[in-house]
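Here is a briefing on one protein model. Please look over the sequence and the fold before reading on.

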Amino acid sequence: MKSKWLLLLALWSALLSAADPAKDHVSARLKFMAWDEALLGCGVRMAGKVVPVSILLDQLSDEIAYEGPARLEIVKITANEPAEEPTAAKSKVKGPKPSPKPAQPSQASSEPPLAWFLLPASANNQHLILAVAPGRWEGGIMALPDSPGSFPPGSLRFFNLCPYPLEIRIGQNAVKIPQKEARSIRGGAKDHDYFDGTIMTYEGGEEKVGFSLHMFQDNAQRGLFFVSAGPEGSGTVVLKGVGDLSRDKMPAPKRPTVPAVRK
């Protein structure tokens with residue numbers, strides 16, 4: 001009798017889990033970047049509203065605390081789309097809340113999303129960087145892990161898109177990066193000073209200098225670089241870079257000065 005009761009309890013729990021709509025929802029911390037061209041006037045659909053986000057080529061967006069369906073959608077903001085400020089930005093930026101910009105009608109809300117991505121269960125409670133390029137990948141989004149501590153301010157992160165391994169050498173530091181993987185490395189200079197480095201390639205097993213780095217060390221900035229192969233046989237690479245300024249290191253906004261009026 002006891003075994004039958006345990007079996008019924010297990011079946012009931014399974015039915016409740018299957019019917020629980022929360023199972024189709026994901027919570028994650030997200031930052032966005034554009035791959036081919038900037039995407040403005042758009043946002044992330046969440047909780048019946050659209051959270052505006054500026055998706056730029058050279059700078060990661062503000063962090064968004066996403067909580068919604070596993071299928072994340074980036075849509076064009078329209079007059080019919082209620083918009084709200086990113087929740088993560090509210091908790092990080094002190095001072096008076098800026099007035100939200102009015103949404104400009106440009107596309108009906110019934111239109112397909114600009115890009116979408118199916119967040120896996122493993123993305124729950126994770127930090128991700130989403131590269132957005134409508135039409136380039138399935139759904140137009142490529143997701144990159146951004147675990148806290150793995151890519152701190154003042155460091156560089158290289159993502160190897162080449163069909164061969166790489167090695168990044170900066171001063172006494174060196175890190176090898178297998179194909180389709182990413183690694184972080186610190187710059188080789190003091191804050192606000194320049195340093196040099198080298199990206200070594202191993203096309204066909206032959207070591208070559210793929211790229212010479214000359215960079216500025218900024219301990220308040222993260223630099224993310226996507227490394228793609230150059231012409232076949234050359235051993236050279238091409239870099240696509242995007243920055244991310246730490247919100248804790250941003251200078252406080254200056255108050256406008258009012259000139260004195262002489263009588």
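Two strands count as paired if DSSP finds at least two bridges between them. By that rule, β13 (residues 194-203) and β14 (residues 206-216) pair in the antiparallel sense over ten bridges. The model is predicted. Its largest nonpolar core has 25 residues, and a search of the whole structure finds zero disulfides.

- Strand β10 pairs with strand β13 in the antiparallel sense, over four bridges.
- Across that pairing, Arg-169 stands opposite Thr-198 in β13.
- On the β14 side, Asp-196 has His-214 as its bridge partner.
- The hairpin of β13 and β14 has two residues between the strands.
- Gly-204, in this hairpin, takes a positive phi near 65°.

**Glu-167**

- Glu-167 is found in strand β10, which spans residues 166-170.
- Is Glu-167 buried or exposed? Glu-167 counts as buried, at 9% relative accessibility.
- The cut-off behind that call is under 20% relative accessible area.
- The side chains of Glu-167 and Tyr-202 are joined by a polar contact of 3.5 Å.
- Not counting residues up to four places away in sequence, Glu-167 touches Ala-174, Val-175, Lys-176, Thr-198, Ile-199, Met-200 and Tyr-202.

**The four-stranded open sheet**

- Four strands form an open sheet in the order β3-β2-β5-β6, with antiparallel pairing.
- β3 and β6 stand at the edges with a single partner strand each, so one side of each is left without a neighbour in the sheet.
- From one strand to the next, the twist averages 30°.
- Strand β5 (residues 71-76) pairs with β6 over four bridges, in the antiparallel sense.
- Within this part of the sheet, Ile-74 stands opposite Ala-115 in β6.

**Nonpolar cores**

- In the largest core, of 25 residues, those with the most contacts inside it are Phe-32, Ile-55 and Leu-72.
- Which elements give two or more residues to this core? They are β1 (25-34), β2, β3, β4 (64-69), β5, β6 and β7.
- β1 gives the most to this core, with five residues.
- Leaving aside neighbours within four places in sequence, Phe-32 is in contact with Val-44, Val-53, Ile-55, Gln-59, Leu-60, Ser-61, Ile-64, Leu-72, Ile-74, Leu-130 and Val-132.
- Another core, of 17 residues, lies apart from the largest one. Among its residues are Leu-156, Cys-162, Ile-177 and Val-227.

**Cysteines**

- Cys-42 is buried, with a relative accessible area of 2%.
- Cys-162 is buried too, at 1% relative accessibility.
- A disulfide is a covalent bond between the sulfur atoms of two cysteines.

**Positive phi in loops**

- Most residues other than glycine have a negative phi.
- Ala-47 is not a glycine, yet has a positive phi of about 55°.
- Where is Ala-47 placed? Ala-47 is in the loop between β2 (39-46) and β3 (49-55).
- Ala-47 is exposed, with a relative accessible area of 69%.
- Asn-125 also has a positive phi, near 65°.
- The loop that holds Asn-125 runs between β6 (115-118) and β7 (126-132).
- Asn-125 counts as exposed, at 57% relative accessibility.

Methods: Residues are numbered from 1 along each chain as its sequence is written. This is a predicted model: local features need pLDDT of at least 70, side-chain atom pairs count only at pLDDT 80 or more; totals for chains, interfaces and linings use all residues. Side-chain values use heavy atoms; hydrogens and water are left out. A disulfide is a pair of cysteine sulfur atoms within 2.5 Å. Buried means under 20% relative accessible area, exposed over 50%, partly exposed in between (1.4 Å probe, protein chains only). A polar contact is a pair of N or O atoms within 3.5 Å; within protein, one must be able to donate a hydrogen and the other to accept it, and residues adjacent in sequence count only if both atoms are side-chain atoms. Contact means heavy atoms within 4.5 Å. Axes are lines fitted to C-alpha atoms, for helices over the stretch in contact, and angles run from 0 to 180 degrees between N-to-C directions. A nonpolar core is a set of buried Ala, Val, Leu, Ile, Met, Phe, Trp, Tyr and Cys residues joined through side-chain atoms within 4.5 Å.
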